[in-house]
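Visitor: I would like to learn how to read a few features of a structure, one at a time. Could we go through them together, with the general idea ahead of each case?

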Amino acid sequence: MPTIFGNLHQALFRQGIAKSFGHGYAQSLVAVTHPHALNSQNRPSFARRHTTRFGRLQGTHFQSAFNTERAAAGLSLDHRPQKVSTNGGLDAYFEHLQNQHAAGEAGEVAEEEWTQFEFQKQIEWKPSPASILVGDARQLASEEQFEAEAHAQDADVPSVPREAEAALAHINAAIEKEIEIRERQEALEEAVAESVRTGTPIDPALLERALTPEIERSYTPASIARSATPPIDPQSQTYADHLTKLSQDGRWAEIPAVFEAMLVAGVRPIAGAYNALLMSRIQLTTEKNEIVSKVREVYTHMLQQKAIPDSDTYNILVGFLASRSLEVASLKKDLEDKRVRFGGMDEPGKFMFASQEFDHAILSEDDPLDWAMKLFETSVTTYRAAYSAESYYQLITACARAGRCSEMLRLYEHMELNRVVPYAAMFPAMITSFAATGDLISAVEVYDEYRALAIADDNGDTSLQDRMDSHIYAAVINAYVISDKVEGAMKFYEKIIQEYGVRASDIKDALVSSGFVQAFVERGIFQDALQWAQLIEGENSVDRLSAMNNVATRAADSGDKYTAMTAFANVPLNHPETATSAMALLAMSVRQGDVAAAARYWHVLSAPEMQVTPAFIDPAAMFAVAMIGSGQVAEGLTQCEFMFQRIRAVSPQSAEEIEEGLDFIHRFMAVRGIVDPREMASQVSSGPQQAFTNSPYGSTATVPSFEDTFDPYAHNTDFKGSSMISDELEGSHGRKGPRLNEALSRFRNMRRAGRHPRYITYAKLISAAARDGKMDLCHDVLAMARTDVPMLPQYAVVRYGWSSILDAMVGACLTMGNRHMAEQFHQELLEMGSTPSANTFGLYITTLKESTKTFDEATEAVKIFHRAKAEGVEPSSFLYNALIGKLGKARRIDDCLFYFAEMRALDIKPTSVTYGTIVNALCRVSDEKFAEQLFDEMEAMPNYKARPAPYNSMMQFFLTTKRDKSKVLAYYERMVARGIMPTAHTNKLLVDTHATLEPVDMDAAEKVLEAIRASGQKPEPVHYASLIHARGCVLHDMEGARKVFDDVVKDHSMPVNASLFQALFEAMVANHRVADTEPILGLMRRRGIELTPYIANTLIHGWAAEKNIERAYAIYNAVGHSKREPSTYEAMTRAFLATEEREKAKIVVGEMLSRGYPSAVVNKVLELLGGGGGEEGAVVA
């Protein structure tokens, strides 16, 4: 490509522009801050690029083919070798001719063949006579004149071959023309230098004269030899055109097939075909780690087929490899941030997850920049590529990010030689690259170059694409600050603000945010970065919020807690970047052992309005481990799993990362011997789950009956295998408990054989996985069902089967506490003409406590029940039991009895759970007669299943409400007669009965504990708590109560819980020794036992009795806002009223009203203020 590497451009950029760099603003700025900058021995490297500009590219012979080495070195014309006036190295021919004459005179036979002798070899140019004779047409036309003149001047010299004479004449003419070219170039250089200095345009005539010889030289023999290409097969061209059209239309998937057909047809691909294949490979390869190898395969095949890459090939390859290099650098930075932020949990300096370590290792090996540079230099050497501005931008930026400044400069010089208009976006990267290496002067020289181009652009020349002035200014400020030249940065900033005048407000914030703040953050001076960020005007401006978020994130990663928290406080929670800084602060809190602070930032991340992404996996796992390590196992696991469910919902492809997060948590627990406390399901929670999985109403309520019974998937259904999986899940055939793992193994083997189970089997697998807390497995089973038996709405059997599968997913989501996702599957059921089962609506009710912010669960339960009816669901006993249970807890006994009667009217037989729920509700409202009547009716049921809960309810009723010892013991005897094993709660009621009801019998209470030991069990803390309460509160034996407490605390085999402390506090308050509770509170804190609302109630009452309202209020505040119970508000209200602080009591009641408790609960406290419901408005006001 002679026009690129001609002497004009080389001389222009070696001398002209190098001179121009001494007259820009940047030099004056550098001179202010660095007096030594412009000394001759300290010339900037960016400016020096024009004197030693070519580097590796010198090997491509940019000089004229006729230049000698000395001329190329820059000698003046006067010192160059003169034109040869001798025979030009033809002595060998003369000697040979004389030998022939001598041989002829001697009578010898002459040689039959002509002998070729070499001329004297010239530096850099080795032409043959034949190649010279195919040169310029005007040179060929003058050959006869040169030959005639040679014969006239050398008539007395022996004749020489005509080819040699023509060659000599051609060389002499070329030398003269070269001298003329150089004279014109020197004139042009002076004109260019003068133009840059004065700003005047170059004389067009002078430019045309200087360019003319260069155009003429484009027809040199070497260029003809390079441009000569073999003829292209028409079929190859046709295929190439077709593939190019597919590529232009974005039909990437069709390109490989067409290319393969071309190879099968025996058509040889050309560059255009390979270009289209390269683009398709880039677009179609989803695994980013494989994309470079896929591209390399295509390029290797291209070389094997001896297809010559063209300019588009190199543009595609180099542009892609450069962009991939930038992507790899970005990914590596993200991974490094994760290592610093979340790593070191197992071992300092290591990533949290093994996959991240693996990804980092792959990315470290997958830097395609070396290959991109090699391809670039190959294309330059072979003159095959004309690169676009986009390719230069990507390649220069990649080199800048990689710190390869020398290669970055060579690329920029090559772009200048090709007269490509640069993208402005490359200049900030170049400035930052120089600053990172400590070369501030070159960084400023880059700015000066941009400034000159920008001035030319303002004058109408197209010298820049996509101006980015503010980014350039910010990059220069950044470079100064990084180089510890803050004063220079300030001078430059003030200069820019002064030049912009009234328009300075448009760029001022951007300069501070991207310049000063970013630079101080990179240097780790976070206090200064925060101060600069606070100077940005507008509390909600994009630049200010971005700067604050940046400071908070980086300061947290570096452990600067104060600065991080201060910056985070300036970022609103609804800002899109808040999640990043919240993650960093959470991780910092965990690293510093402050789990309570980490919980605050976790609440920000887990807020419903927060848009979750796969980036939340790391903080979720880290927070879960921190919670588990601090003893809050269930809470940590629940929070983590809930977050993973949200992530899976928005990003199903993150399943493997989520699974790795779960494995990390489980491994942490296994190493420390920690078990999941949720695995020990209570009696109450197991009832609804069993009713859900064995629901007899699921099919009748969800799908209407159709005559069509055809199943399109019946031929692949494994009915026997389905039954075996059901047996595994239900624990049949004498097995103890469900065996989910065995069922899953059988299920996977069935699918490997190309078969699938029945629809209901998918539903049972989902329900079993939900019971084990494996929501990810539920989604996996659902995905396999969608693959094995896709929904076909035209078949009734398929709709019926899918109603059971989706119903199971609704139940699973409710079990795991994800009501939002449950609603999504609920809506999918409605869209296919079905509804959830009655038992699933029961789960909607039973899971209200954990899933809603309202405390009026009874009203919500009634709404859910009416929704079920509105959707045409036939209620089941489980649905009624759930509803009656919520109404009973709210003391809405009339509603309980109404729905109980409705249940009977619909011929839905009450179960023992129903009776137990009603009896418990009646006991709450002290309806003794009706409670006993229903209890007797329950025992008389023909299908009665004996359960301890109803007996416990009756025993507790007569213990706490009626205080009738004989009744309590009578119901205990009835329980034993039914063969029901007493529970821990039953034994506690017995201890309380003997120790608190007249006649008090402490020996009998002690014997209950001995009976527990005799049965092979161990008394629990609640049993000892009953003894402590009895001795302290009933017998007022404070010493005896304290002795029981101390003995239990010293027994390391006995887990100490809040019930023991509550009993002791009650005893102390009852004996007017509330002042002695402080050491016990300290012991609680050391044991890691939380202050419960019920303990707080006792202490508030005790301190109020001592007239120490400040201490009582401190205890009240020690209970978190979300942990306070109605009894806590009642206790504090009574305390304020006892000290006649009515206004403060109203404030407490007002807070209680804001919690949304049922009116029956609220009115009890309002009556203390003297008004019931009528006072409510006044309190709120």
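Visitor: In which loop does D484 lie?
Guide: D484 lies in the loop between α23 (469-482) and α24 (486-500), and in this predicted model its phi is near 60 degrees, a positive value in a residue other than glycine.

Visitor: Where is the place of R419, and what is its phi?
Guide: The place of R419 is in the loop between α20 (405-417) and α21 (426-436), and its phi, near 55 degrees, is again positive in a residue other than glycine.

Visitor: Does R419 count as buried or exposed?
Guide: The idea is to compare the relative accessible area with a cut-off, where over 50% is exposed and under 20% is buried. R419 has a relative accessibility of 53% and therefore counts as exposed.

Visitor: How should I read a residue inside a helix, taking N315 in α16 as the case?
Guide: N315 lies in helix α16 (residues 311-342), and since its relative accessibility is 14%, N315 counts as buried. The side chain of N315 reaches the backbone nitrogen of S388 at 3.0 Å. When neighbours within four places in sequence are left aside, N315 is in contact with F320, A386, Y387, S388 and S391.

Visitor: At what angle do α14 and α16 pack?
Guide: An angle under 35 degrees counts as roughly parallel. Helix α14 (residues 271-284) packs against α16 at about 20 degrees, with the axes 9 Å apart, and the two helices are therefore roughly parallel to each other. The crossing of α14 past α16 is left-handed. On the α14 side the contact is made by A271, N275, L278, M279 and I282, and on the α16 side by D312, T313, I316, L317 and F320. These residues divide into 7 nonpolar, 2 polar and 1 charged.

Visitor: How far apart are the axes of α42 and α45?
Guide: The axes of helix α42 (residues 838-846) and helix α45 (residues 877-889) are 8 Å apart, and the packing angle is about 20 degrees. By the cut-off already given, α42 and α45 are therefore roughly parallel to each other, and their crossing is left-handed. From α42, the residues A838, N839, F841, G842, L843, I845 and T846 meet F878, L879, A882, L883 and K886 of α45. This contact divides into 8 nonpolar residues, 3 polar and 1 charged.

Visitor: Which residues is A626 in contact with, leaving aside its neighbours within four places in sequence?
Guide: A626 has its place in helix α31 (residues 617-629) and is buried, with a relative accessible area of 10%. With those neighbours left aside, A626 is in contact with V590 and V595. Between A626 and A587 there are 39 residues of separation in sequence and 9.8 Å in space, C-alpha to C-alpha.

Visitor: How many helices and strands are there in the chain?
Guide: The chain has 62 helices and 0 strands. Of its 1181 residues, 47% count as buried. Among contacts between residues at least 6 apart in sequence, 68% join residues at least 24 apart.

Key. Residues numbered from 1 in each chain as written. Predicted model: local features only at pLDDT ≥ 70, side-chain atom pairs only at ≥ 80, totals over all residues. Heavy atoms only, no water. Axes fitted to C-alpha atoms, helices over the stretch in contact; angles between N-to-C directions. Helix = DSSP H or I, 4+ residues; strand = E, 2+ residues; numbered from the N terminus. Parallel < 35°, antiparallel > 145°, perpendicular 65-115°, else oblique. Left-handed = near helix turned anticlockwise from the far one by under 90°. Contact = heavy atoms within 4.5 Å. Nonpolar A, V, L, I, M, F, W, Y, C, P; charged D, E, K, R; others polar. Buried < 20%, exposed > 50% of the residue type's maximum accessible area, 1.4 Å probe, protein only. Polar contact = N/O pair within 3.5 Å; in protein donor to acceptor, adjacent residues only side chain to side chain.
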